[in-house]
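Subject: Structure for you to look at

Hello,

Here is the structure I promised to hand over. Please open it first, then read my notes below with the model on your screen.

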Amino acid sequence: MRPKNLKTRIFLDGGNPDETQAIIKLLGFLDGQTTNPTLISRNPEARRMLDRGEKFSAEKLIDFYRQVVTTICGLIPEGSVSVEVYSDPATTAGTMLAQGKEMFSWTANAHVKFPTTREGLKAAEHAVKAGMRVNMTLNFSQEQAAAVYAATRGARKGQVFISPFVGRLDDRGEDGMDLIADIVKMYRQGDGHVEVLTASVRSLGHLLYAFKLGSDIVTAPYEVLKEWGDKGMPLPDAGFAYGTRNLRPIPYREIDLAKKWQDYDLRHDLTDKGMEKFSADWNALIRPEDRKIA
Ligand code: E4P
């Protein structure tokens, strides 16, 4: 059962419903799940198909994604399940929005993931106005987080998540957890309509520190949630210290949340690289003649 003093919601990061089942059994609860194209490409059924030398048609792959998502939703009917649109550098806001609308209709508890780019924010702005729930993904900077806040102004609480990717910042020597601290602090000056979902979690240290920093949600892979569950679901105590292994700090910046979203600097090379990897992993599942890009 959920530890009494745990305020942060716990999501599983994965594309395999068997893992969802196993984590619910281990923890006794699960608040939601996040998926992405890479995680879907690692689904065991998809792997078996590729091992047989077969690929999906574009339509069949969407059907497969829907089937995985609806199975997960059946396991956590009260939870949120994040479903990601296909996007590469050429994908327009209109195309993302059309995909998002379809994905949002798959289940009663979907959050649609759009990239934190100009086109992704344009799509999200429309989506939120149309009443959809969104999760802004591939977030790597405080300035991008300010843009998410501005683009979704007027949304109700629970409608908008932002996913800062801590592990990918750590991977290149920057302290990803600083970004969580910075965004949580910046959003305290706002109206609370965007919830911080710590993503790209690689360790129990990330998970516990996210609790301590007051992240609204954390999504973690099966292995990390299993370790947490096996250890009795510990919470950070007063003496908890997060070891940063000599990572470079990401200092807090004073950013005005009142600007138009178009006026923030949205560029980040990890956002671009992340989109490239997600679209490549998705396209690798599809027959070449059906791919959106070669
Ligand atoms: C979840 O929403 C993210 O897509 C995921 O946490 C990314 O994790 P990774 O950096 O380990 O791929």
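Ser200 sits in the loop between strand 7 and helix 10 (204–213). Helices (H or I, at least four residues) and strands (E, at least two) are DSSP runs, numbered from the N terminus. Before going on, note that this is a predicted model: local features need pLDDT of at least 70, side-chain atom pairs count only at pLDDT 80 or more, and totals for chains, interfaces and linings use all residues. Residues are numbered from 1 along each chain as its sequence is written, and side-chain values use heavy atoms, with hydrogens and water left out.

Is Ser200 buried or exposed? Ser200 counts as buried, because its relative accessibility is 9%. Buried means under 20% relative accessible area, exposed over 50%, and partly exposed in between (1.4 Å probe, protein chains only).

The side chain of Ser200 has a polar atom 3.2 Å from the backbone nitrogen of Arg168. The side chains of Ser200 and Arg202 are joined by a polar contact of 3.2 Å. A polar contact is a pair of N or O atoms within 3.5 Å; within protein, one must be able to donate a hydrogen and the other to accept it, and residues adjacent in sequence count only if both atoms are side-chain atoms. Setting aside neighbours within four places in sequence, Ser200 is in contact (heavy atoms within 4.5 Å) with Phe165, Val166, Gly167, Arg168 and His206.

**The ligand**

Which residues are around the ligand? They are Asp13, Thr34, Asn36, Lys113, Phe165, Arg168, Ala199, Ser200, Arg202 and Phe278. Here the cut-off is a heavy atom of the residue within 4 Å of the molecule. Asp13 has a side-chain N or O atom 2.6 Å from an oxygen atom of the ligand. For Lys113, a polar side-chain atom lies 2.7 Å from a ligand oxygen. For Arg168, a side-chain N or O atom is 2.7 Å from an oxygen atom of the ligand.

Now the fold. 8 strands close into a barrel, in the order 1-2-3-4-5-6-7-8, with parallel pairing. From one strand to the next, the twist averages 30°. Axes are lines fitted to C-alpha atoms, for helices over the stretch in contact, and angles run from 0 to 180 degrees between N-to-C directions. Two strands pair if DSSP finds at least two bridges between them.

Look at strand 6 (residues 160–164), which runs parallel to strand 7 (residues 194–198) and is joined to it by 3 bridges. Ile162 stands opposite Val196 in strand 7. Strand 5 pairs with strand 6 in the parallel sense over 4 bridges. Met136 stands opposite Ile162.

Why is strand 6 largely enclosed by the rest of the structure? Because 5 of its 5 residues are buried. Val160, Ile162 and Pro164 point one way, while Phe161 and Ser163 point the other way.

**Helix 7**

One last stop. Ala151 is in helix 7. Ala151 counts as buried, because its relative accessibility is 6%. Leaving aside neighbours within four places in sequence, Ala151 is in contact with Leu121, Glu125 and Trp261. Ala151 and Thr117 are 34 residues apart in sequence and 11 Å apart in space, C-alpha to C-alpha.

Best wishes
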